[in-house]
Amino acid sequence: MQPRNMSMSGVVDLAAVKAAQEAKAKAEQTRAEAARQGGTGAVAPADLVIDVDEAGFERDVLQRSAEVPVVIDFWAEWCQPCKQLSPVLERLAVEYDGRFLLAKIDVDANQMLMQQFGVQGIPAVFAVVAGQALPLFQGAAAEQQIRQTLDQLVEVAEQRFGITGLTVDPDARPGQVAEGLQEGPYDALLNAAAEALDAGDLPGAVQAYKNVLADDPAHPEAKLGLAQAELLQRVQGFDAQKVRQEAAEKPKDVNAQIAAADLDLVGGHVEDAFGRLIETVQRTFGDDRDTVRLRLLELFEVVGPDDPRVVGARRALARALF
């Protein structure tokens, strides 16, 4: 089964926005579930290094990457450089105290995973953050270089995705990492929605997300997914050149500016989309202004309230309104 957020090309544009918000939501749900069960969600130091195979990859790597960056060490028993690198990574996994999880994959036993990641030689080290695969380095790198790479990975995970890692308790019982991966009550519907998105079935995705929200109106992943699916549905069939030409020729036309802003966001031009609508708010009044304001708030939902671009745009919107 192909994971919901897996992208071998890395973190890009709207897909990254979706992945980030899903990751934040999943991490929050995991912590909340642990609290309801009377636990802390803490793991033992031994759980920071795990062996992963093809059967457990989605559970042990993709799902886990919603709450902690997962560093993947592709290795083999016959590989001498691997025997130099792997102990360093294992030591650093414990030293970093839950800020990343190390997943070791034996390429001889897991050829499919090796091919999926495009591994040309070993040792090869990748990371998965919020389901997004990122190449780190190949070969037995120096420890200083490894530390710098890991520091950058941790920073990206925290700032872009809100993923702060695992809580480590030296007294915790080993094995809690695997126990924490319980299927959520809406996973089937959310998977159906994501599969519909991947297949281009936008009405199906919209309906699947609405089905979740009908039962849980505050569900963060469903709210985000619905906002994204509705955005993609709106721009489907747009003539991009015509939309942008109309927006340039009619700066006070609310519908033209809204359509262009939708295209901006889908193309990953987040600040352009926000700036366009804020300027339109400044030029309009009454119902037109309110229409633009509401669309801007919808786009905020797609990007996420914690994104610094949203925070800045909210301040700019407040100045435009008052």
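## Strands, cores and a buried glutamate

E67 lies in the loop that links α2 (57-63) to β2 (70-75); helices (H or I, at least four residues) and strands (E, at least two) are DSSP runs, numbered from the N terminus. Welcome to a predicted model, in which local features need pLDDT of at least 70, side-chain atom pairs count only at pLDDT 80 or more, and totals for chains, interfaces and linings use all residues. Residues are numbered from 1 along each chain as its sequence is written, and side-chain values use heavy atoms, with hydrogens and water left out.

**Strands around β3**

- In β3 (residues 101-106), 5 of the 6 residues are buried.
- β1 (residues 49-51) pairs with β3 in the parallel sense over 3 bridges (pairing needs at least two DSSP bridges between two strands), and I50 stands opposite A103 of β3.
- β2 and β3 also run parallel, joined by 6 bridges, and D73 has K104 as its bridge partner in β3.
- From β2 the chain passes through helix α3 (residues 80-95) to β3, a right-handed β-α-β crossover (with the strands pointing away from the viewer, the path from the first strand over the helix to the second runs clockwise).

**Nonpolar cores**

- The largest nonpolar core has 30 residues, and those with the most contacts inside it include F57, F74 and I122 (a core is a set of buried Ala, Val, Leu, Ile, Met, Phe, Trp, Tyr and Cys residues joined through side-chain atoms within 4.5 Å).
- β2 gives this core its largest share, 4 residues.
- Leaving aside neighbours within four places in sequence, I122 is in contact with several residues, among them F74, W78 and V107 (heavy atoms within 4.5 Å).
- A second, separate core of 29 residues includes V254 and I278.

**Aromatic rings**

- There are 6 aromatic pairs (rings of Phe, Tyr and Trp, the last by its six-membered ring, with centres within 6.5 Å; planes under 30 degrees apart are stacked, over 60 edge-to-face and the rest tilted).
- The Y96 and F100 pair is edge-to-face because the ring planes stand at 65 degrees, with centres 5.5 Å apart; Y96 and F100 are both buried.
- F57, F74, F117 and F126 form one aromatic cluster.

Methods. Buried means under 20% relative accessible area, exposed over 50%, partly exposed in between (1.4 Å probe, protein chains only).
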